[in-house]
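Colleague: Let us go through the labels on this model. I will ask what each one rests on.

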Amino acid sequence: MARSEFSLPRLNLSVQFASAADSLPSRAQVRRWVAAALEHPAEVTVRIVDADEAQALNQDYRDKTYVPNVLTFEYGEIGQDESGQAVLGGDVVICAPVVEREAREQGKSLQAHYAHMTVHGVLHLQGYDHIDPVGAEIMESREAVILKRFHIPNPYLST
């Protein structure tokens with residue numbers, strides 16, 4: 001469901017910094033990126049972590065041993081807002097060292113890659129996925145449109 005620039009969904013956001021990395025995005029940047037990707041009222045935590053925590057979460061919750069760039073934990077509908085609209089809940093965990101490495105390898109600015117990973121995670125929280133080619137096309141197109149608002153090039157064309 002698309003929304004206009006004038007009807008922003010309600011957002012309750014917690015931003016947590018659990019990384020010793022330099023050049024982390026500001027809380028205000030994270031808020032802007034989350035809000036731009038949000039299509040539904042939501043309660044979201046964005047947590048920026050180091051590799052050990054990201055790998056442990058990936059192992060514990062996905063049974064995968066690698067260090068991911070972003071993990072999304074979708075809690076689905078956690079209640080309703082004052083107008084009766086469903087409120088989604090979830091956590092987006094971003095691994096600072098992986099984002100830094102990928103930005104370097106892909107020749108992207110660090111802040112642009114943080115924006116991409118934040119938007120990517122928030123879209124997952126809302127049910128977007130890239131498991132099959134059709135879903136990937138829809139999700140990647142949506143990401144490109146959102147990132148363009150921040151003057152960030154389509155990340156799928158620059159890789």
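Modeller: Start with Gln55, which touches Lys64, Thr65, Tyr66, Val67 and Pro68, leaving out residues up to four places away in sequence. Contact means heavy atoms within 4.5 Å. Gln55 sits in helix α2. Helices (H or I, at least four residues) and strands (E, at least two) are DSSP runs, numbered from the N terminus. The C-alpha atoms of Gln55 and Tyr66 are 6.0 Å apart, and the two are eleven residues apart along the chain.

Colleague: What are the ground rules for the numbers?

Modeller: This is a predicted model: local features need pLDDT of at least 70, side-chain atom pairs count only at pLDDT 80 or more, and totals for chains, interfaces and linings use all residues. Residues are numbered from 1 along each chain as its sequence is written, and side-chain values use heavy atoms, with hydrogens and water left out.

Colleague: Why does Gln55 count as partly exposed?

Modeller: Buried means under 20% relative accessible area, exposed over 50%, and partly exposed in between (1.4 Å probe, protein chains only). Gln55 has 33% relative accessibility, so it counts as partly exposed.

Colleague: What makes Val30 buried?

Modeller: Its relative accessible area is 1%, so Val30 falls in the buried class. Val30 is in helix α1. It touches Leu13, Val15, Pro25, Val46 and Thr118, again leaving out residues up to four places away in sequence.

Colleague: Which residues of α1 are buried?

Modeller: In α1 (residues 27-37), they are Val30, Trp33, Val34, Ala36 and Ala37.

Colleague: How do you know that they line one face of the helix?

Modeller: Seen down the axis of α1, the buried residues fall within an arc of 165 degrees, so they line one face. The arc is that of the directions from the helix axis to the C-beta atoms. These buried residues pack against β1 (11-18), β2 (42-49), α4 (110-125) and α5 (133-148).

Colleague: Why are α1 and α4 called oblique?

Modeller: They pack at an angle of about 40 degrees, with axes 9 Å apart. Axes are lines fitted to C-alpha atoms, for helices over the stretch in contact, and angles run from 0 to 180 degrees between N-to-C directions. Angles under 35 degrees count as roughly parallel, over 145 as roughly antiparallel, 65 to 115 as roughly perpendicular and the rest as oblique. α1 and α4 are therefore oblique. The contact involves Gln29, Val30, Trp33, Val34 and Ala37 of α1, and residues of α4 including Tyr114, Thr118 and Val122.

Colleague: What is the handedness of the crossing of α4 and α5?

Modeller: Right-handed. A crossing is left-handed if the near helix is turned anticlockwise from the far one by less than a right angle, and right-handed if clockwise. The angle of α4 and α5 is about 130 degrees, with axes 10 Å apart. This pair is therefore oblique. Among the contact residues are His116 and His120 of α4, and Met139 and Arg142 of α5.

Colleague: And what makes α3 and α4 oblique?

Modeller: The axes of α3 (residues 96-106) and α4 cross at roughly 120 degrees and come within 9 Å. α3 and α4 are therefore oblique. α3 passes α4 in a right-handed crossing. In this contact, Ala96, Val99, Glu100, Glu102, Ala103 and Gln106 of α3 meet Leu110, His113, Tyr114 and Met117 of α4.

Colleague: Now the rings. How many aromatic pairs are there?

Modeller: One.

Colleague: Why is the pair of Tyr61 and Phe73 called edge-to-face?

Modeller: Rings of Phe, Tyr and Trp (its six-membered ring) pair if their centres lie within 6.5 Å; planes under 30 degrees apart count as stacked, over 60 as edge-to-face and the rest as tilted. Here the centres are 5.2 Å apart and the planes are at 75 degrees, so the pair is edge-to-face. It links distant parts of the chain: Tyr61 is in helix α2 and Phe73 in strand β3, twelve residues apart.

Colleague: Is Tyr61 buried or exposed?

Modeller: Exposed, because its relative accessible area is 59%. Phe73 has 15% relative accessibility, so it counts as buried.
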